[in-house]
Amino acid sequence: MASELIKNEFWVKKMAVRFNAMNAKKDGVASKGDLEILIGRIINIGKLNDAQTERIWKLLADELLPLFGGATFKLTSAEFNGTAAKSSDGNYPALLGDKFFDVIDTDGDGIITYNEWVVYIESIAADVKRARECFDSLDTNKDGVISRSEFVDATVNFIRSTDENHPSRFLYGPM
């Protein structure tokens, strides 16, 4: 599956969008420092309280960094794509979705509201004008929130799918 994904033009484009969202320093390398910048943006833009701030930093240290290879990880775009492609067959996409859900769900109530989604979209410097379109596409049951299962499904499909019409294409904002 990995070699098929890397050859697919749409998949490569999605991974470039993902990498650009994660590469907060815009230095061509995704690292712990980039994740710290993104978490800081979520905290500031979302005006998180002390308990929420402590929770999100703990998530970074205990849950997210291990998924990326630890505190010293540094990945170029090509390495980022290779890692995504190689891990597409296993449980990694679901784990990644589950952990990022907890980061975006800043109040920890088990759902991502539209306001939380806008904070996330702003934090990754995506087009906020299209946040509603992205949110509504990922809210597949149309109940007005993104559930954990909807978000995890979107993450899995974002990493595994080459379907240009799948709602998961909106996971990192509009393409």
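Figure 1. A nonpolar core is taken here as a set of buried Ala, Val, Leu, Ile, Met, Phe, Trp, Tyr and Cys residues joined through side-chain atoms within 4.5 Å, where buried stands for under 20% relative accessible area, exposed for over 50% and partly exposed for values in between, computed with a 1.4 Å probe on protein chains only. The model is predicted, so that local features need pLDDT of at least 70 and side-chain atom pairs count only at pLDDT 80 or more, while totals for chains, interfaces and linings use all residues. Residues are numbered from 1 along each chain as its sequence is written, and side-chain values use heavy atoms, with hydrogens and water left out. The largest core has 51 residues, of which Leu35, Phe68, Phe100, Trp117, Ile124 and Phe151 touch the most other members. At least two residues of this core come from each of α2, α3 (32-45), α4 (50-67), α5 (77-86), α6 (92-104), α7 (114-123), α8 (131-138) and α9 (148-160); helices (H or I, at least four residues) and strands (E, at least two) are DSSP runs, numbered from the N terminus. The most is given by α6, with six residues. Phenylalanine 100 is in contact (heavy atoms within 4.5 Å) with Met22, Leu35, Leu64, Phe68 and Phe151, when its neighbours within four places in sequence are left aside.

Figure 2. Rings of Phe, Tyr and Trp (its six-membered ring) pair if their centres lie within 6.5 Å, and planes under 30 degrees apart count as stacked, over 60 as edge-to-face and the rest as tilted. By this rule there are eight aromatic pairs. In one of them, phenylalanine 68 and phenylalanine 80 are stacked, at 6.5 Å centre to centre and with 10° between the planes. Because phenylalanine 68 lies in the loop between α4 and β2 (74-76) and phenylalanine 80 in helix α5, this pair ties together parts that are twelve residues apart in sequence. Phenylalanine 68 counts as buried at 9% relative accessibility, and phenylalanine 80 is buried with a relative accessible area of 3%. The pair of tryptophan 117 and tyrosine 120 is tilted, because the ring centres are 5.0 Å apart and the planes stand at 50°. Both tryptophan 117 and tyrosine 120 belong to helix α7, where they are three residues apart, about one turn of the helix; tryptophan 117 is buried at 0% relative accessibility, as is tyrosine 120 at 6%. One aromatic cluster is formed by Phe19, Phe68, Phe73, Phe80 and Phe100.

**Figure 3. Charged ends over aromatic rings.** A charge is said to sit over a ring if NZ of Lys or CZ of Arg is within 6 Å of the ring centre and within 35 degrees of the ring normal. The charged end of arginine 132 sits over the ring of tyrosine 114, at 3.8 Å from its centre. Tyrosine 114 lies in helix α7, counts as partly exposed at 24% relative accessibility, and touches Ala131, Arg132 and Phe135 when residues up to four places away in sequence are not counted. The ring of phenylalanine 158 has the charged end of lysine 14 over it, 4.9 Å from the ring centre.

Figure 4. Tryptophan 11 has its place in helix α2 and is buried, with a relative accessible area of 0%. Apart from residues up to four places away in sequence, tryptophan 11 touches Leu5, Ile6, Asn81, Ala84, Ala85, Phe158, Ile159, Ser161 and Thr162. Its C-alpha atom is separated by 8.5 Å from that of aspartate 163, which is 152 residues apart from tryptophan 11 along the chain. Lysine 13 also lies in helix α2 (residues 9-22), but is partly exposed, with a relative accessible area of 45%. Lysine 13 and methionine 175 are 8.4 Å apart in space, C-alpha to C-alpha, and 162 residues apart in sequence.

Figure 5. On a 1 Å grid over the protein atoms alone, a cavity is a set of points where a 1.4 Å probe fits but cannot get out, and lining residues have an atom within 4 Å of a point. Grid points are joined across faces, edges and corners, and a volume is the space filled by probe spheres set on the points. The count comes to two cavities of 30 Å³ or more, and about 100 Å³ of space lies in the largest cavity. This largest cavity is lined by 14 residues, of which Leu38, Ile42, Phe100, Val103 and Tyr120 are the closest to its centre. Two or more lining residues are given by each of α3, α4, α6 and α7, and α3 gives the most, with four residues.

Notes: On a 1 Å grid over the protein atoms alone, a cavity is a set of points where a 1.4 Å probe fits but cannot get out, and a pocket is an open set with protein on both sides within 12 Å along at least five of seven lines; lining residues have an atom within 4 Å of a point.
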